Structures are given as structure tokens and as C-alpha cells.
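Please keep the sequence and the model in view while reading.

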Amino acid sequence: MITMVTRIALSGLASVASLVSLILTGPGNRAPVPLEWGAGPLTVAALPRITYVAHRGGAREVPENSMAGLTAAYQRGTAQVLDFDTRLLRDGTPVVFHDETLNRMTYLGGEVRGLDAREWQGVRLRPEDRLPGSWRSERPPTVAEVLDRFGGRIVLMLEAKDPRGLDRLAELIRARGLTRSVFVNSNDPEVARRVHRLGLLSQVWRSAQQLRTDRPERWRSYVDLLDVDHRARDADLVRAVRSGIARVWAHTVVTDAQRDRVLALGCDGVITDAPGRLARAAQRGARP
């Protein structure tokens with residue numbers, strides 16, 4: 001009996017060890033799946049050479065900007081960064097939502113900023129029919145809830161749709177010790193400068209049209225991540241890569257060909273609505 005118990009215990013330990021190994025190595029034994037490990041939170045220093053970002057959680061695979069979608073993207077382990085959008089309610093509460101109005105993604109109408117935190121409790125997302133799988137309606141999370149669920153376990157990227165909320169976002173990030181774990185994104189380089197001054201990781205995204213005249217080397221002292229439109233001209237992408245900004249990632253990539261092109265031009269990150277499909281395709285042998 002003692003021998004049998006010992007054998008069962010050892011077998012259980014081996015299973016745990018195998019699970020830990022799988023978590024740390026990720027699918028296909030390639031880039032590690034982000035996971036809090038040790039005394040401190042996971043930071044951007046742990047990102048692999050080529051990084052995959054689940055844009056809005058992976059909006060072609062999960063309900064965008066939802067807690068269920070972000071959780072699914074995290075558990076699948078094909079992205080090393082979770083991206084989500086933020087807006088402010090009437091009372092200053094930062095919430096996770098992309099649009100100015102509720103119309104497209106919920107059963108309600110009207111402006112997001114017209115609600116307060118109590119009223120937000122009654123908002124329910126309307127999952128799109130085209131998404132794979134079955135998804136239940138749920139309340140869009142607050143920024144604090146997403147930081148509490150994922151902060152330190154995976155790198156996060158949040159877009160500040162309303163820069164008036166930067167100070168409040170900074171408070172939430174600092175209070176959780178996540179200043180090296182969360183990129184704060186904006187289309188405006190001056191907002192990125194403010195983010196930098198607040199002691200946070202600054203990100204600026206630019207459209208293909210903007211990149212035609214941009215000189216991103218001018219921003220390298222305060223931009224940690226340059227987020228470029230994959231539709232930009234080759235010369236504009238190469239100029240971004242050579243700007244001196246530490247990380248240059250391309251958005252919003254949805255096909256293998258788009259991914260292969262931006263990586264071949266020197267980008268070191270892929271922001272995608274389909275992280276499950278694109279990352280797995282790369283692991284199966286598509287050009288990295």
C-alpha cells in the first residue's frame with residue numbers, strides 16, 4: 001500500500017512538472033508563454049524576440065475587449081501581450097471599451113461617457129455572430145478589473161482613448177506595481193510624451209498615411225514602442241525600424257502574408273486580431 005501511494009504521489013509530481021514545462025515553453029517549444037513566476041510581476045524584459053499581441057483580445061477569435069475574450073487569449077498562450085481599449089465614464093472611472101458609443105457592441109445606445117460606474121453595471125456586450133464558439137453576454141470590465149486579473153501575469157497594452165484619464169490610469173498601474181508591465185498607447189506623440197513623464201511605458205500608433213511624413217527618430221527619447229500600420233510603404237516601415245525606438249510592432253495584421261512582410265522589413269512584433277491562427281501557423285513552420 002505504501003509503495004502504491006508513493007508511486008501515485010510521484011506520478012502526480014511528474015504531471016505537475018510536465019504542466020509547468022508546457023506553460024514555460026509554450027506550444028511547439030518556442031517563445032515562452034507569459035506567466036507570473038517568482039517574486040515580482042512579469043515585465044516587458046521577458047518578451048520574446050518576436051512578440052505576438054492579441055488585439056482587443058483577438059477580435060476575430062473572441063468578443064473584443066471582454067473579460068471572457070481576454071481570458072481565453074491568455075489561456076491559449078499564443079500571444080505574449082493582451083491589448084485592450086479604455087474610455088472614461090462620467091464619474092472618471094476607466095472602463096474597457098473601444099467605441100465612443102454603446103451602439104455597436106452592446107444592447108444599449110448612447111455615449112459611454114454618459115454613464116457612471118453604477119450604471120455601467122447594467123451594460124451587456126453583444127457577442128458577434130461571426131465569432132467561432134459560443135459566448136455569453138457579459139458586462140464590459142473596468143480597467144482596474146483587467147489589471148487585477150492579468151497584471152504581472154502577462155504584458156498588457158492599453159489604448160487611452162480619452163487622454164483626460166491618463167492620471168487615473170497611471171494611479172491604477174502604479175498602485176499595482178505594473179509600470180514595467182503595461183504599455184499605454186495613443187495616436188498622439190504628445191500624449192506619449194505625457195505618458196513617459198508619468199513614469200509609464202509609452203506607445204504611439206501611427207497610420208500608413210501618417211507614417212509618410214513622420215520622423216519617428218524624433219520621438220525615441222520618450223517612446224518605448226512604435227506601433228505602425230502594416231499597410232505603410234516599405235520605405236516608411238524601414239524608417240520606423242531604424243528610428244532608434246526599441247520596439248516596432250505592426251498593426252492590425254490578419255494574414256500570414258502581412259505578418260511575413262512586416263517581419264521581413266524588421267518589425268519585431270505582430271499586433272493581430274487572430275493571434276491563435278497566426279502564431280500557430282508560425283510555429284508550424286511559416287517564415288518567422
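## Helices H2 and H4

The crossing of H2 and H4 is right-handed. The contact is formed by Met 67, Leu 70, Thr 71 and Tyr 74 on the H2 side, and by Glu 145, Val 146, Arg 149 and Phe 150 on the H4 side. Sorted by class, the contact of H2 with H4 contains 5 nonpolar, 1 polar and 2 charged residues.

Two packed helices are described by the angle between their axes and the distance between the axes. Helix H2 spans residues 67–76 and helix H4 spans residues 143–150; their packing angle is about 20°, and their axes are 11 Å apart. Because angles under 35 degrees count as roughly parallel, H2 is roughly parallel to H4.

## The model as a whole

The model is predicted. Its secondary structure comprises 10 helices and 9 strands. Of the 288 residues in the protein, 51% are buried. Among contacts between residues at least 6 apart in sequence, 56% join residues at least 24 apart.

## Helices H4 and H5

Helix H4 also packs against H5: the two axes come within 10 Å and cross at roughly 25°. H4 and H5 are therefore roughly parallel to each other. H4 passes H5 in a right-handed crossing.

Val 143, Ala 144 and Leu 147 of H4 make this contact with Leu 169, Leu 172 and Ile 173 of H5. The residues of the contact of H4 with H5 comprise 6 nonpolar, no polar and no charged.

Which residues of helix H6 (residues 189–197) are buried? They are Pro 189, Val 191, Ala 192 and Val 195. These residues lie on the same side of H6, because they cover an arc of only 150° around the axis. Among the elements that cover them are helix H5 (166–175), strand S5 (182–186) and strand S6 (201–206).

In helix H8 (residues 234–241), the residues Asp 236, Leu 237 and Ala 240 are buried. Their arc around the axis is only 100°, so they lie on the same side of H8. An α-helix has 3.6 residues a turn, so residues three or four places apart point the same way. The cover over the buried residues of H8 includes helix H7 (208–211), strand S7 (225–229), strand S8 (247–253) and helix H9 (256–264).

## The loop between S1 and H2

Arg 56 is placed in the loop between strand S1 (51–54) and H2. Although Arg 56 is not a glycine, its phi is positive, at about 55°. Is Arg 56 buried or exposed? Arg 56 counts as buried, because its relative accessibility is 16% and the cut-off for buried is under 20%.

Asn 65 lies in the loop between S1 and H2. Asn 65 is not a glycine, yet it has a positive phi of about 55°. With a relative accessibility of 3%, Asn 65 counts as buried.

## Glu 119 in helix H3

Glu 119 belongs to helix H3 (residues 117–120). Its relative accessible area is 29%, so Glu 119 is partly exposed.

Apart from its neighbours within four places in sequence, Glu 119 is in contact with Arg 90 and Gly 114. Between Glu 119 and Leu 89 there is a separation of 30 residues in sequence and of 9.6 Å in space, C-alpha to C-alpha.

How values were computed
Residues are numbered from 1 along each chain as its sequence is written. This is a predicted model: local features need pLDDT of at least 70, side-chain atom pairs count only at pLDDT 80 or more; totals for chains, interfaces and linings use all residues. Side-chain values use heavy atoms; hydrogens and water are left out. Buried means under 20% relative accessible area, exposed over 50%, partly exposed in between (1.4 Å probe, protein chains only). Helices (H or I, at least four residues) and strands (E, at least two) are DSSP runs, numbered from the N terminus. The arc is that of the directions from the helix axis to the C-beta atoms. Contact means heavy atoms within 4.5 Å. Axes are lines fitted to C-alpha atoms, for helices over the stretch in contact, and angles run from 0 to 180 degrees between N-to-C directions. Angles under 35 degrees count as roughly parallel, over 145 as roughly antiparallel, 65 to 115 as roughly perpendicular and the rest as oblique. A crossing is left-handed if the near helix is turned anticlockwise from the far one by less than a right angle, and right-handed if clockwise. Ala, Val, Leu, Ile, Met, Phe, Trp, Tyr, Cys and Pro count as nonpolar, Asp, Glu, Lys and Arg as charged, and the others, Gly among them, as polar.
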